[in-house]
Amino acid sequence: MIKAVDRFLDHLTMYRLVLYYLMVLLGTAFAFCFVKLVPHDPLALAFTTILALAACWITNRAFALVFEVPANNESVYITALILALILDPVAVTDLKGIGAVAFASVWAISSKFIFAVGRKHLFNPAALGVALSALLLDQPATWWVGGNPWLLSPVLIGGILVVRKLRRLDLVVTFLVVALVTVLATTEPAQYGGAVKETLSSSPLLFFGFVMLTEPLTAPTQRWPRIAFAAIVGFLFAPNIHIGSFYFTPELALLVGNLFGYSVGPKGRLVLSLERIEQTAADSYDFIFRPSRKLAFQAGQYLEWTLGLERCDSRGNRRYFTVASSPTEQSVRLGVKFYPQSSAFKRALSGMKPGATIHASQLAGDFTLPSNPKTKIAFLAGGIGITPFRSMLQYLVDRNEARPIVVLYGTEGQDDIAYRDVLGLARRELGIRTFHAVANGAERGQYPGYIDARLVRLTMPDYLERTFYISGPQVMVKSLREKLLAMGVRRSRIKVDYFPGFA
């Protein structure tokens with residue numbers, strides 16, 4: 001069951017999954033309105049949704065043109081649908097309500113551009129929009145989507161899929177636990193049962209945690225800052241937390257957390273100019289960019305890359321890719337493999353000319369070298385999954401830092417082997433051995449077939465002492481992980497290269 005779910009999720013980007021989730025929630029709520037299970041007028045709900053979508057789209061288009069940045073329509077639609085699910089639906093004749101929805105929508109999108117440092121916005125857009133609507137217009141969010149028991153099942157099911165996709169279970173669980181503990185700590189013991197039941201079934205707790213808290217651009221990307229962020233928001237989320245007569249609301253709790261997230265996270269968004277393109281293997285190319293400023297990162301980390309596309313397909317105009325260059329290099333290298341039916345993003349990328357620009361942000365990832373240089377390591381790569389190891393090996397070569405590393409590199413054929421120069425340099429300079437597993441046309445000294453348990457045992461008699469790093473197609477990564485566990489490798493010694501929005 002879990003494997004089937006993962007296969008389904010692997011074909012969706014993170015943004016597309018969240019968009020579908022919100023559409024299902026809104027569609028379900030709309031249907032329930034007709035049978036009075038949701039206490040709103042279906043026409044008012046439809047009108048509010050259209051109003052929020054129009055206001056958000058127009059605002060985003062205007063600011064994108066002024067600031068000359070790529071417009072991401074998926075993000076706009078997500079913000080608009082969130083607003084439609086947390087603001088009370090308004091009728092066509094309710095001018096004050098219409099003004100409040102339009103005001104929240106405009107400010108939600110505007111915040112991405114106005115409240116931004118280095119072209120990275122500070123606050124969750126929907127949270128800021130409804131916070132300003134409450135403070136300035138006295139039109140607060142009611143979070144009705146989280147307060148209706150009939151919507152609890154779709155909120156929970158879709159939310160679990162989002163958390164599974166993002167691999168952010170630690171974030172959501174920390175938030176839920178801290179929020180519940182804080183609710184109990186501020187409630188009389190005799191009322192514990194009612195308080196827990198109300199918090200779980202009649203409050204925005206779950207929707208907030210699954211949708212708002214996990215928004216990747218305003219939440220910390222590293223594990224411990226991420227957990228601290230969730231704890232701060234969870235504490236302030238509890239309804240009885242206040243400073244004097246000022247009580248926190250869910251959106252204010254998130255905005256405070258966003259400030260913390262910004263303080264501990266990477267700052268700003270990069271604009272990178274293409275210098276040249278190098279072919280590294282069959283259908284694989286390195287796009288070498290000149291950054292607008294020096295990028296400080298750890299070898300093996302990834303970035304979210306954004307292109308301005310005239311026409312997007314279902315995968316959108318954003319992608320997560322590992323940085324293939326080393327922190328010691330001045331340029332930023334992006335390694336990509338192209339397939340016969342590539343996405344609109346990859347087609348646009350392949351058509352870039354020197355001088356063209358791309359935007360990058362959201363530096364993140366724990367798939368990095370261990371702090372202890374004596375740790376025995378095994379790099380297991382398949383195809384273009386060699387990119388994070390190219391970054392790490394080049395980094396070690398430039399620092400003349402020898403480590404006990406063995407590389408197993410699996411490809412379909414000889415033409416698919418990338419970064420032969422760096423692999424050879426690591427062997428000559430640092431004694432790091434690479435063993436090639438070639439499925440078709442293996443040459444002398446290469447392993448005929450795919451990376452398997454036999455190859456691991458042949459090349460690493462001490463494999464039980466090693467920490468395994470696995471990178472490549474998701475099917476291969478999952479298969480190798482299961483094989484290593486069956487061989488007795490401890491789960492804590494297996495690191496998988498995974499980032500949100502894989503597709």
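The model is predicted, so local features need pLDDT of at least 70 and side-chain atom pairs count only at pLDDT 80 or more, while totals for chains, interfaces and linings use all residues. Residues are numbered from 1 along each chain as its sequence is written, and side-chain values use heavy atoms, leaving out hydrogens and water.

**The sheet**
- Six strands make up an open, parallel sheet in the order 14-13-12-11-15-16; strands are DSSP runs (E, at least two residues; helices are H or I, at least four), numbered from the N terminus, and two strands pair if DSSP finds at least two bridges between them.
- Strand 14 (447-448) and strand 16 (494-496) each have a single partner strand, so one side of each lacks a neighbour in the sheet.

**Salt bridges**
- The structure holds 16 salt bridges, each a side-chain nitrogen of Lys or Arg within 4 Å of a carboxyl oxygen of Asp or Glu.
- E465 and K376 form one, with their closest N and O atoms 2.8 Å apart. E465 lies in the loop between helix 16 (453-459) and strand 15, and K376 in the loop between strand 10 (357-364) and strand 11, so this pair ties together parts 89 residues apart in sequence.
- E401 also forms a salt bridge with R399, at 3.1 Å between the closest N and O atoms.

**Accessibility**
- E401 is buried at 16% relative accessible area, whereas R399 is partly exposed at 47% (buried is under 20%, exposed over 50%, partly exposed in between; 1.4 Å probe, protein chains only).
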